[in-house]
Structure formats: structure tokens, C-alpha cells
Amino acid sequence: MRKMSAAAARRTALAAQGFGRRRPAAVTRRTVADVLARTQLLQLDSVSAVVRAHYAPVFSRIGGYDRALLDEAAWSHSATRPRRLVEYWAHEAALIPVDDWPLMRWRMVRYQHGRWSMHKVLDRNPTLGKDILDVIREVGAAPAGEVERHLELDKPRPKGSWWNLSDTKMICEQLFAAGELSVDKRVGFTRHYDLAERVIPPEVLARNVSEADAVLELVRRAATALGIGTETDLRDYYRLHRSQTTPAIAALVDAGELEEVEVAGWGKPAYLRSGAATPRRVAGAALLCPFDPLIFFRPRTERIFDFHYRIEIYTPEHKRVHGYYVFPFLMDGELVGRVDLRAERASGRLLVPGAFAEPGRCDAETAAALRTALREMADWLELDEVVIGDRGDLAALL
């Protein structure tokens, strides 16, 4: 079995995700598509403390770009410019290529009754699913609230957390998980549901892929995106089960598409994607949002970068170690720090309440690279000023 150093494995992983490449002089639709060809998916998340999660990984890899290019790919469709991305449950809610829709059909079958138990909702109103489909079929793409109004169900609900979903919203989500509804567009990040047959091209919708073949392709895509990974890494990328990934990995090894290798310090077998590059060095700096595909599987992040990272959004403020919405800072192939960030759009400021260096990285070089990265992010978000707080050992140097 071939052996690899931990540093070589790290560079392989970074290269697979598109880091260390020269940034383009001009960003086009093709440039954004090239990022997706590497990451395979972009995770969606509702937090907008800085910028929505799906926009940030593209910026981290190519620098400032027009977010409308991504919006157009995901939520716009015309005869001359067809939709290229669609929403579904991949690694959590995510944007995936439209052509990958059939690869998720086995999951849609498993989600026929939703991702959560819908029994109480259906007991209260057993025809609600059919009624929702009838409304959307008649009025076109609509958010759950508009569907409720058509059904005259928009009654006041007790105030509570954002999990206090209406029955209509819950059933819309069930139908989305089951593949009967898809997302035509988002307005203010609110999903506008439409019949899947009106969102997905007919030739894609008609394509049938068995679960075994779909899983094989998903593992292949995960391996392409990761460059190198353990079974758990490959499994997590599309949230598969070990019973699915074990035979798929074996088949890809037999076909020569994966090579089992031993990575120093990993403590478990790793699988190297055939053709994956291992550059001698990975230069450049990038701020990574918490849901970036490079780091969204925390055990892998710790194994590859020796970087313990947890999101603290749901941690009470007085118990947070680094902050509410913290971006790890990548510099020359290593995670050297982390920065708590907030975009204050009304005042045109990028707030940096805290900036923390990893051990041995609190120096002028790290601060200079981070200062440049923060300014680039502020410019991309059209914010005039970067305001540095006083928390963390990098703050004074910034």
C-alpha cells in the first residue's frame, strides 16, 4: 500500500477543492461553474450574519464575483439559458447540478413521508398534501404562506422559534423531500415551491438510476471533490450510510478510480482519487465560511488541518469561545486563525469582533494576509469600512 505524508494529503485535498489556483482576471458564468465542478455542491443555510453560505465558497476560491451569476444558475430559467443548479438534500440542504437530480431519487423514495414525522399534521388534515399540489399546479410557484392564503389556512399561530412551522410549510417540505415539489426561485431566501416537473427538465426527470448506481456515482463525486478521504469522509459528503459506501468504495478501487493509501497520522485507510493532483505547495489566503465544503465535516477538518472547529451560533453568548459566526482563515495551505465576522449593511461596515491565531501563527505575516482578505471581503460585499474589535490575540496586530 502506498504511503503519503499528512502534508501531501492536505495539499491534495486543497487542490481538489480549487485552492492554490491563480484567480481569474474576470469572472464569468463558466468561472462559477468551474468552482461547482470541483465542490459538486454548495450547502444552503439561513444565517445571513455575513453572507448566505452558498455564496461564500465561490468567493473563497475565485475572489470577488457578482452573486447574481450564482442566483441565475440556481433560480433562473429561460429557453436560451436553462437552469444549471437545483436544490435538494445532499449534504444537508444544498445546490446541486440539475443533472444530479436522478442520483437523489432513492432518497426521495425514502423521504416519501418527509424527513420528519408528519403523522400529526396528516391526522389533522389528511388531504393537505393533495390540496397544496392542486394550488401550486393552478397558481404556479409560490411560498408556503401564499399557498396557505389560497387554502384560507393563514390563521395566527403562537409566537415561538423559527421551528414553529405551519402545517402547510411542513407538508411543502415533505413534498420537496419526496421530490414532488422543487424550488423554482427564492425571494428574500424564502423558497417558492413549484411542481418538480416544471423545474426539472423532462429528460432529467425521466432518467431512472438504481440506488446502487446512484450511490456509486455519489461516492465517485465525493472522491473527486475531496481528492483524498477516508470512508467516513466519502460517506459524509452526501450523507450516505456505511452500508452504501462500503461496496461503492470497493467497486471504485477495483475499477482503478480510487487507490487505497496510508496517510501518516490518519489512523485509518484513505482513498486517493485517480488523477487527483498533489501540488508541491498551495499558496494564497481565503476566509472560509462555516459551511464551506472544505471544512463542513469537522472530524476531517481536525484530522487534515489539526484545527478543532465548532460553530457557536447556538451556544449562549457568555459561553462562546471565539464568537457567533466564525470564519477559519486559510493561508498557504494551513488553517492559521479564525475570525468572528458580521456584515453591518446599514452602516456599510464589516465588523470583526474577534480575531484569533492558531498556536505559533500570531505574527505580522498572518495579520497582513488576514487584513488583505478582510478588505477583499468588504469590497465584495460593498462595505466601506472594516472595523476591528478587541477580542483575540490577532486583533491588536490587525
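**Entry 1: a pair in helix H9**

I looked up Lys169 and Glu173, which both lie in helix H9, four residues apart, about one turn of the helix. Helices here are DSSP runs of H or I with at least four residues, strands are runs of E with at least two, and both are numbered from the N terminus. The model is predicted, so local features need pLDDT of at least 70 and side-chain atom pairs count only at pLDDT 80 or more, while totals for chains, interfaces and linings use all residues. Residues are numbered from 1 along each chain as its sequence is written, and side-chain values use heavy atoms, with hydrogens and water left out.

The side chains of Lys169 and Glu173 form a salt bridge, at 3.6 Å from N to O. I noted the cut-off: a side-chain nitrogen of Lys or Arg within 4 Å of a carboxyl oxygen of Asp or Glu.

Is Glu173 buried or exposed? Glu173 is buried, at 7% relative accessible area, and Lys169 is partly exposed, at 23%. Buried means under 20% relative accessible area, exposed means over 50%, and partly exposed is in between, with a 1.4 Å probe and protein chains only.

**Entry 2: other salt bridges**

I searched the whole structure and found 33 salt bridges. One of them joins Glu211 to Arg110, with the closest N and O atoms 2.7 Å apart. Glu211 belongs to helix H12 (residues 211–226) and Arg110 to helix H5 (residues 105–110), so this pair ties together parts that are 101 residues apart in sequence. Glu211 is partly exposed, with a relative accessible area of 31%.

Next I checked Arg124 and Asp167, whose side chains meet in a salt bridge of 2.6 Å, N to O. Arg124 is in helix H6 (residues 119–124) and Asp167 is in helix H9 (residues 167–177), so the parts tied together are 43 residues apart in sequence. Arg124 counts as exposed, at 54% relative accessibility, while Asp167 is partly exposed, at 25%.

Which residues are linked in a network of salt bridges? I listed Asp100, Glu217, Arg220, Arg221, Glu257 and Arg273.

**Entry 3: a sheet of five strands**

I then followed an open sheet of five strands, in the order E10-E11-E12-E13-E14, with mixed pairing. Two strands pair if DSSP finds at least two bridges between them. Strands E10 (285–287) and E14 (385–391) are at the edges with a single partner strand each, so one side of each has no neighbour in the sheet. Neighbouring strands are turned against each other by 30 degrees on average, direction ignored.

How many bridges join strand E11 to strand E12? I found six between E11 (residues 326–331) and E12 (residues 334–344), and these two strands run antiparallel. Phe329 stands opposite Gly337 in E12.

Helix H16 (residues 364–380) lies across E10, E11, E12, E13 (349–357) and E14, and runs at about 120 degrees to E11. For such angles, axes are lines fitted to C-alpha atoms, for helices over the stretch in contact, and the angle between N-to-C directions runs from 0 to 180 degrees. Contact means heavy atoms within 4.5 Å.

**Entry 4: two helix pairs**

Two packed helices are described by the angle between their axes and the distance between the axes. Helix H7 (residues 128–139) and helix H8 (residues 144–151) pack at about 100 degrees, with their axes 10 Å apart. H7 and H8 are therefore roughly perpendicular to each other. I noted the classes: under 35 degrees is roughly parallel, over 145 roughly antiparallel, 65 to 115 roughly perpendicular, and the rest oblique.

On the H7 side, the contact residues are Leu128, Asp131, Ile132, Val135, Ile136 and Val139, and on the H8 side Val147, His150 and Leu151. By class, this contact of H7 with H8 has seven nonpolar, one polar and one charged residues. Ala, Val, Leu, Ile, Met, Phe, Trp, Tyr, Cys and Pro count as nonpolar, Asp, Glu, Lys and Arg as charged, and the others, Gly among them, as polar.

Helix H1 (residues 6–16) packs with helix H15 (residues 298–305) at about 130 degrees, with axes 9 Å apart. H1 and H15 are therefore oblique to each other. Arg10, Ala13 and Leu14 in H1 meet Arg300, Ile304 and Phe305 in H15. I counted this contact of H1 with H15 as four nonpolar, no polar and two charged residues.

**Entry 5: helix H4**

Last, I looked at helix H4 (residues 68–75), where Leu69, Leu70, Ala73, Ala74 and Trp75 are the buried residues. Their cover includes helix H2 (29–39), helix H3 (56–62) and strand E5 (181–187).
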